[in-house]
Amino acid sequence: MDPRYSRAASIWHLLDIIFICISISFMILETDPSVGQYFVYGSTDHDPFMVGNISINNIIFGLNSLVIMFFTADIMVRFLTWPSFVTFWKNIFNILDILSIVPFYISVIAHTMHPEEGEEGGVHSEEGVKQKYFILKMCRIFRIVRVFKFVKHSKDLIVIVKVLLSSRKELGLLVILLGISTITFGSIMFYIEHETNEVMFDSIMSGCWWALVTITTLGYGDIHPKTVGGKIVGAVLLTFGMVFLTLPMTIIVSKFGSVYESENRKMSYAESDNESTKR
C-alpha cells in the first residue's frame, strides 16, 4: 500500500511500522534473562507486577496477539485485493510476512496441547515437553524474518534486493571461487598440519574452516598453522584469496551501480506517472 495514496493508507503504513518495531522489540527482550520470564504466557510464579487481577505476562501476550492480528489482517487484505493468486505467492515479501506470523499460531497451539509440563506424568509427558520445546525453538528461529518486514517500507532497500537478484550470476561465480579455494587450501593445510597440529587440524572440515576465515581476511585465530609449510600455504592463500575475491567483486560493483541507477529511474518514472494521474 502506497502511504501517499490516501490518509488512511498513511495511517496504516505508520501502524505497520510501529507494530513491526514492537514485534522485534519483544523478540529481543524475551531472550534477556532479567525480563524474559514476563514473556512466558500464563506463568505468574516470578511475576511481582500485577495490573488489577491481570499479570504482566498476560498483558504482554495480549499486546503481542494484537500485533499478530494486525499483521494477519494486513496479509488478508493484500491477499483479497491482489490482482492474481499466482503472483501473490511469487512475491517474496508476502511469503516473508506469512512466515513472520505462523510461529505465533504454532506456539499457541503447542501451548494448548501441552499447557503444563508433567501434568500427565511418566514418559509420555516428558516426550510431550521435548516436542513442545523443539516446536517453540523452531518458531523462535523463524520469527527472525520479521526484521525483513522493514524492507518493503524502504524503496532503496527494495532496489538493493532487486540489484542482488539481478547479480545472481556474478554472486554465484564468487561463491564458486570461494568454495574451490576453501576446499583446495583446506585439504592441503590438513595434510601438512595434521601430524604436528592434530588438535586444531583434526579433519579437512577444520582445514576448510581455517581457509574460509583466512581467505575472507577475518582471521579469528582459533585455528592457525604451526609448521613452516603451513605458514607458507597460509601466506599464499591470503595473497591469492584477495585476488580471487577482488576479480568478481569488481564485476558485481559495476553491475550494481548500473542496475541501481536503472531501478531508481524506473521508480522515478512511476512516481511521476502517479502524480500526473492524480492531477
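At about what angle do helix α1 and helix α2 pack, and how far apart are their axes? Let's start there, then work along the chain.

## The opening pair: α1 and α2

Helix α1 (residues 7-29) packs against helix α2 (residues 56-81) at an angle of about 135°, and their axes are 10 Å apart. An axis here is a line fitted to C-alpha atoms, for helices over the stretch in contact, and angles run from 0 to 180 degrees between N-to-C directions. The two helices are therefore oblique to each other (under 35 degrees is roughly parallel, over 145 roughly antiparallel, 65 to 115 roughly perpendicular, and the rest oblique). The crossing of α1 past α2 is left-handed, where left-handed means that the near helix is turned anticlockwise from the far one by less than a right angle, and right-handed means clockwise.

Who does the touching? On the α1 side you'll find Trp12, Leu15, Asp16, Phe19, Ile20, Ile22, Ser23 and Phe26, and on the α2 side Ile60, Leu63, Asn64, Val67, Phe70, Phe71 and Asp74. Contact means heavy atoms within 4.5 Å. Sorted by class, this contact has 11 nonpolar, two polar and two charged residues (Ala, Val, Leu, Ile, Met, Phe, Trp, Tyr, Cys and Pro count as nonpolar, Asp, Glu, Lys and Arg as charged, and the others, Gly among them, as polar).

## The whole chain, and where it comes from

What you're looking at is a predicted model, where local features need pLDDT of at least 70 and side-chain atom pairs count only at pLDDT 80 or more, while totals for chains, interfaces and linings use all residues. Residues are numbered from 1 along each chain as its sequence is written, and side-chain values use heavy atoms, with hydrogens and water left out.

The protein has nine helices and two strands, and from the N terminus the order is α-β-β-α-α-α-α-α-α-α-α. Helices (H or I, at least four residues) and strands (E, at least two) are DSSP runs, numbered from the N terminus. Of the 279 residues, 29% are buried; buried means under 20% relative accessible area, exposed means over 50%, and partly exposed is in between (1.4 Å probe, protein chains only). Take the contacts between residues at least 6 apart in sequence: 59% of them join residues at least 24 apart.

## Helix α7 and its two partners

Helix α6 (residues 155-166) and α7 have axes that come within 5 Å and cross at roughly 65°. Leu164, Leu165 and Ser166 in α6 meet Arg168, Glu170 and Leu171 in α7, a contact with three nonpolar, one polar and two charged residues.

On to α8. The axes of helix α7 (residues 168-193) and helix α8 (residues 204-215) come within 7 Å and cross at roughly 125°. That makes α7 oblique to α8, and this crossing is right-handed. Several residues of α7, including Leu178, Ser181, Phe185 and Phe190, meet a set in α8 that includes Ile204, Trp210, Leu212 and Ile215. The residues of this contact are 12 nonpolar, five polar and no charged.

## Zooming in on serine 181

Is serine 181 buried or exposed? Serine 181, in helix α7, has a relative accessible area of 6%, so it counts as buried. Its side chain reaches the backbone oxygen of leucine 177 at 2.9 Å. If you skip the neighbours within four places in sequence, serine 181 is in contact with Gly186, Ile215 and Phe244.

Serine 203 is in the loop between α7 and α8, and with a relative accessible area of 26% it is partly exposed. Its C-alpha atom is 9.9 Å from that of methionine 189, 14 residues away along the chain. For background, most residues other than glycine have a negative phi.

Now look at helix α9, which holds leucine 238. At 36% relative accessibility, leucine 238 is partly exposed. Apart from neighbours within four places in sequence, leucine 238 touches Thr214 and Thr217. Serine 258 also lies in α9, and at 41% relative accessibility it counts as partly exposed. Serine 258 and valine 163 are 95 residues apart in sequence, but 9.1 Å apart in space, C-alpha to C-alpha.

Conventions. Polar contact = N/O pair within 3.5 Å; in protein donor to acceptor, adjacent residues only side chain to side chain.
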